[in-house]
Amino acid sequence: MLMFAIFLLHLLHTALCQGSTEQAIKTLMSLLQPKEARGDPFPTIPGPAQYEQVCIVGAGPAGIHMAQSLKKIGFTNITIYEKTNRVGGKSYDIKYRGIEHPQGTIFAEANYFDNLIPLALEYGAGDYVKIPSYNVWRTNSAQDENSKLMLSQFILGRVAPLTNSTNPKANLGFLLKTAIHYVKLHKQMFGDYEGDLMLRPDEDVMFRIRGTFLEYLKRENMLALVPVFKLSNELQGYGHLDEVSALYGLIWNNPKFVITLALRALKQDNDPLSVYVLRDGFEKIWKNIVQKENLDIRFNTDIYSITRLQNRVALKIWKGSYLKPEHCDFMIWTPPMSDLLRTLTDTRHEEYNLFKGLKPEFLTASLVDMRNSVRNGPYSAFMYNLDRKVEGGVTGEASMMGFLTPDIGTPEGIAEYNGNQSQLLTISVLQLGKECQDEKTLNQILQDHYTKGFNATDLEILNTITWPYFPRWSPEETGQARHWQVFNMQGKQKVWYAGSSVSFESIRGVMEYNNLLLRKMNKINH
């Protein structure tokens, strides 16, 4: 397998030396040059004044980042209400065998150098490590012929039917040409905009991006990118291409990220155009911010109701067997909007109509020990389960120990990692489902997956957590411009809506949405 891997890399290197491919890389890099943003500008919105008491609900990345950002611009009276006993939300890591293992947030990519990485460096948690590309299992059995694939084999193999060629050079060239077309079209429709959410597109653009992401790719003759987006979208829990709206796909797979993915396919991904993990995990960032900024967090808070009065917001919070009233001048809500609808006593018709359609799926992360399993690099995707949408099926695995191994980015390093089957392996395993299944069922699916399909022995599941994940509107609803409709009611009745429900389920998404709120806040009170 090692000799074949080296041979395939040689083929790709040969392709890279061809003038047309060199020109494609130059074209990709030239597309990083900024272009004027297109669309209707975001309106100025009401916001809190510095002298007001600000309540932030949720101590995940959105809530902690918002509190830190407000404090930076002079706000001093901020209280965070958190329903659990910890900060970080889905940035959740478990220290085991001397390493922080992710049970939520795992990766950072090139766009994170515009938001998260500078923040992590500022607070002493920014030691980022470049990681190798995914590898792929075609089936759920290591014994099946041609099941074990390198990333390049998987992608070029799925491009081949579109080109009617098995020539890696031809398929690679076609893939690059399609990636360039995707980036150019993205910039033609939206330009280069600040943050993660583009300006509100005009009617022509909204019509052009109607429907699902897969339908959009078909209409625009970009099906060569489907295998790339299977991994960047579906593997990350961001929806199946034939179900999730094109808008969400275009938000996440923005030009910088797609250029990064194309460069990684060519093994030309140099900092910052690559993919990374944080050596100390993501949770440490939010813990360090809380400690350094001395943020006021009320843990284990059970909010019974929220009522918006004329000039303030009234909360009723369970304290044992009785309700304690608390008040703030302005509230920022970061948990799922479905929770807000259940908590508000005065939900407005507009709020209900906008938020009722948000539906999550469920991402389960488990920390697992095993021996003797057949390996395929430190980050593997299981395409059978992704392609067939197997409920609760194992979709991916990631080994932080593998990522932190010296020379893991070389064929020899991967071969050594794959060959150490008898050594204890600790991995984070991901499972996806449309429904929330019980832990016992999910753990049995996981155990069967590895023991029956990949020869694992001594398997022990150390931790399992299921997250309601990526609340999203349907393609029909996003086609009605839900994101921008929500923004137009920001600040009314002393409330900001933030977090992944109104932006995107990523740290870059919620941070940039916070930044957008702060940029568009009416500064009259400051």
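Which residues of α11 are buried? The legends below answer this question and then turn to other parts of the model.

**Figure 1. The protein chain as a whole.** The model is predicted: local features need pLDDT of at least 70, side-chain atom pairs count only at pLDDT 80 or more, and totals for chains, interfaces and linings use all residues. Residues are numbered from 1 along each chain as its sequence is written, and side-chain values use heavy atoms, with hydrogens and water left out. The protein chain contains 21 helices and 20 strands; helices (H or I, at least four residues) and strands (E, at least two) are DSSP runs, numbered from the N terminus. The C-alpha trace spans about 70 × 55 × 40 Å along its principal axes. For 526 residues, a compact globule would have a radius of gyration near 24 Å, and the 23 Å of the protein chain agrees with this. The radius of gyration is taken over C-alpha atoms, and the globule rule is 2.2 Å times the number of residues to the power 0.38. Of the 526 residues, 59% count as buried. Buried means under 20% relative accessible area, exposed means over 50%, and partly exposed lies in between (1.4 Å probe, protein chains only). Among contacts in the protein chain with a separation of 6 or more, 78% come from residues 24 or more positions apart; contact means heavy atoms within 4.5 Å.

Figure 2. The buried residues of α11 are Pro255, Phe257, Val258, Ile259, Thr260, Leu261, Ala262, Leu263, Arg264 and Ala265. Because 10 of its 11 residues are buried, α11 is largely enclosed by the rest of the structure. Just after α11, Lys267 has a positive phi of about 55°. In the loop between α11 and β9 (275-278) lies Pro272, which is joined to Asp271 by a cis peptide bond with omega of about 0°. Most residues other than glycine have a negative phi, and most peptide bonds are trans.

**Figure 3. The packing of α6 against α11.** Helix α6 (residues 168-190) and helix α11 (residues 255-265) pack at an angle of about 170°, and their axes are 10 Å apart. The two helices are therefore roughly antiparallel to each other. From α6, the contact is made by Leu176, Ala179, Tyr182, Val183, His186 and Lys187, and from α11 by Pro255, Val258, Ile259 and Ala262. These residues divide into 8 nonpolar, 1 polar and 1 charged. Axes are lines fitted to C-alpha atoms, for helices over the stretch in contact, and angles run from 0 to 180 degrees between N-to-C directions. Angles under 35 degrees count as roughly parallel, over 145 as roughly antiparallel, 65 to 115 as roughly perpendicular and the rest as oblique. Ala, Val, Leu, Ile, Met, Phe, Trp, Tyr, Cys and Pro count as nonpolar, Asp, Glu, Lys and Arg as charged, and the others, Gly among them, as polar.

**Figure 4. The sheet that contains β12 and β13.** An open sheet of 3 strands has the order β11-β12-β13, and its pairing is antiparallel. Strands β11 (303-308) and β13 stand at the edges with a single partner strand each, so one side of each is left without a neighbour in the sheet. On average, neighbouring strands of this sheet are turned by 20° against each other, direction ignored. Strand β12 (residues 313-319) is joined to strand β13 (residues 322-328) by 7 bridges; two strands pair if DSSP finds at least two bridges between them. Val313 stands opposite Cys328 in β13, and Lys319 stands opposite Tyr322 in β13. The two strands form a hairpin with 2 residues between them, and Gly320 in the turn has a positive phi of about 70°.

Figure 5. Arg38 is found in the loop between α2 (19-30) and β1 (54-57), and is partly exposed, with a relative accessible area of 43%. Not counting residues up to four places away in sequence, Arg38 touches Gln188, Met189, Phe190, Gly191 and Leu199. Although Arg38 and Asp192 are 154 residues apart along the chain, their C-alpha atoms are separated by 7.6 Å. Asn164, in the loop between α5 (151-163) and α6, has a positive phi near 55° and is exposed, with a relative accessible area of 72%. Ala481, in the loop between α19 (475-478) and α20 (482-488), has a positive phi near 70° and is buried, with a relative accessible area of 4%.
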